[in-house]
Amino acid sequence: MFIDRAKIEVISGNGGNGMSSWRREKFVPKGGPSGGDGGRGGDIILIVDANTNTLIDFRYKRKFVADNGVNGQTKNMHGQHAEPTYIKVPPGTLVKDAETGEVVADLTKVGQQAIIVKGGRGGRGNARFVNSVNRAPTFSENGAPGAGRILQLELKLLADVGLVGYPSVGKSSIISVVSAARPEVAAYHFTTLTPVLGVVSLDEGHSFVMADIPGLIEGANEGIGLGHDFLRHIERTKVILHVLDVSGIEGRDPIEDYNKINNELKLYNERLSTRPQLIVANKMDLAEAQENYPRVAEYMKNLGHEIYPVSAATGEGLPELMQRTAKLLLEHVEIPEETTETIVYEAKPQEDFTIGRDEDGAFLIRGRGIERLVAMTNFDNDEGVRRFQQLFKRIGIEAALKEKGVNEGDTVRIGEMEFEFRT
């Protein structure tokens with residue numbers, strides 16, 4: 001089964017907790033703090049795998065959770081970092097944030113990797129907080145929580161050549177003749193419901209990958225027919241073979257078919273109109289095609305297109321078409337695609353926060369830095385609480401709450417923590 005879209009949830013690992021301990025050895029009085037740091041949580045990494053060609057695996061497993069870091073130990077022993085969790089995807093996978101629609105990664109080369117979410121930092125042990133003022137800190141940090149996000153995966157086939165055209169013009173028959181691909185061939189529309197890849201091998205030892213794109217119809221750019229489901233697979237092709245049923249035995253005019261399909265490609269993506277395109281006049285074994293061909297050939301030549309009369313039924317003309325296609329591929333120079341979609345991750349100040357009101361009237365504080373501080377503070381330790389209170393004031397949250405009209409005894413929530421405001 002060919003699956004080219006999937007939605008998955010990924011969650012990186014939490015950092016291990018730091019240890020609060022003391023060095024105790026015979027003949028070593030006042031050994032001091034010796035708590036080790038926690039290990040870093042596991043990252044979630046997407047990696048392109050050559051043996052994967054569909055997203056079907058994500059139909060059965062849609063949630064991926066990385067391992068947590070190991071807690072710190074006594075004697076300044078740090079916890080082990082968690083191994084990253086690798087998720088295999090096929091070449092040509094476009095990764096988007098499902099909530100914002102922004103592109104996170106475009107994975108096209110085998111072995112290419114993208115860190116999607118980083119694991120939480122390990123908490124520091126009490127040995128890390130020793131300074132000239134506090135020689136014997138009793139507190140340590142909890143590990144930072146991991147991050148989570150929902151991803152939309154879209155597969156765009158990495159084929160050199162794309163066969164496009166109306167349904168039943170003979171695309172499947174052509175790819176079955178020139179390659180080892182065996183698509184279903186039948187005398188009804190939309191026989192091919194999924195893209196089919198085939199490798200075309202030439203006498204000179206050269207080869208290229210050809211994709212049979214399911215039949216397009218007028219309105220495909222708006223999602224009519226198979227529309228958007230498969231138009232995106234044409235985007236990465238270098239050469240387009242536009243297949244026409246020159247016989248017109250189904251009552252359609254091949255010139256009108258050509259104009260309608262080209263218009264759909266242009267409306268979907270302007271860049272597709274700049275792709276090298278060869279016109280394939282198919283079904284030349286039929287008498288009707290012999291009659292129509294001169295008119296179609298003259299029209300295409302006036303547009304500057306090369307046209308090749310072929311017959312998928314007899315194989316006539318296909319070797320010459322494949323040779324010319326291979327030559328076009330050798331001459332092809334890819335124009336870099338200008339895009340502003342790729343996310344550039346920027347470090348945000350930890351002090352950024354917002355203050356709002358919850359449904360019950362409690363003050364609700366949100367912010368990457370303050371929520372992380374809460375998650376990493378051990379509130380069972382008095383010294384840890386005092387440190388949190390100091391940072392709470394230093395960041396400016398206490399002053400901001402007073403500006404919002406907080407009163408003594410009002411409820412304040414930060415993440416999962418709730419407390420009464422006291423000055």
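Guide: Two strands count as paired if DSSP finds at least two bridges between them. Keep in mind that the model is predicted. Start with strand E8, residues 148-155. Strand E5 (residues 93-97) pairs with E8 in the antiparallel sense, over 5 bridges. Within that pairing, Leu94 stands opposite Glu154 of E8. Strand E1 (residues 5-11) also pairs with E8, again antiparallel, over 7 bridges. There, Ile8 has Leu151 of E8 as its bridge partner. Is E8 mostly covered or mostly open? It is mostly covered: 6 of its 8 residues are buried.

The chain holds 8 helices and 18 strands. Of its 423 residues, 47% are buried. Take the contacts between residues at least 6 apart in sequence: 71% of them join residues at least 24 apart.

Next, a six-stranded sheet. It is open, its order is E10-E11-E9-E12-E13-E14, and its pairing is mixed. Strand E10 (196-201) and strand E14 (306-309) are the edge strands; each has a single partner, so one side of each lacks a neighbour in the sheet. Neighbouring strands are turned by 25° against each other on average, direction ignored. Val280 stands opposite Tyr308 of E14.

Two helices pack on this sheet. H1 touches E9, E10, E11, E12 and E13, and its direction makes about 155° with that of E11. H5 touches E9, E10, E11, E12, E13 and E14, and its direction makes about 150° with that of E12.

The largest nonpolar core has 34 residues, and Phe208, Met210, Leu241, Leu321 and Met322 have the most contacts inside it. Elements that give two or more residues to this core include helix H1 (171-178), strand E11 (207-212), strand E12 (239-245), helix H3 (254-268) and helix H5 (318-331). H5 gives the most, with 6 residues. Look at Met322 in detail. Leaving out residues up to four places away in sequence, it touches Val178, Val200, Leu202, Phe208, Met210 and Leu241. In soluble globular proteins, nonpolar side chains tend to be buried together.

A second, separate core of 22 residues includes Ile8, Leu55, Val95 and Leu151.

E15 pairs with strand E16 (residues 363-366) in the antiparallel sense, over 4 bridges. One of the pairs is Thr354 with Arg366 in E16.

A search of the whole structure finds 1 cavity of 30 Å³ or more. The largest cavity holds about 40 Å³ of space. Its lining consists of Phe139, Ser140, Glu141, Met376, Thr377, Asn378, Gly384 and Arg387.

Notes
Residues are numbered from 1 along each chain as its sequence is written. This is a predicted model: local features need pLDDT of at least 70, side-chain atom pairs count only at pLDDT 80 or more; totals for chains, interfaces and linings use all residues. Side-chain values use heavy atoms; hydrogens and water are left out. A nonpolar core is a set of buried Ala, Val, Leu, Ile, Met, Phe, Trp, Tyr and Cys residues joined through side-chain atoms within 4.5 Å. Buried means under 20% relative accessible area, exposed over 50%, partly exposed in between (1.4 Å probe, protein chains only). Contact means heavy atoms within 4.5 Å. On a 1 Å grid over the protein atoms alone, a cavity is a set of points where a 1.4 Å probe fits but cannot get out, and a pocket is an open set with protein on both sides within 12 Å along at least five of seven lines; lining residues have an atom within 4 Å of a point. Grid points are joined across faces, edges and corners, and a volume is the space filled by probe spheres set on the points. Axes are lines fitted to C-alpha atoms, for helices over the stretch in contact, and angles run from 0 to 180 degrees between N-to-C directions.
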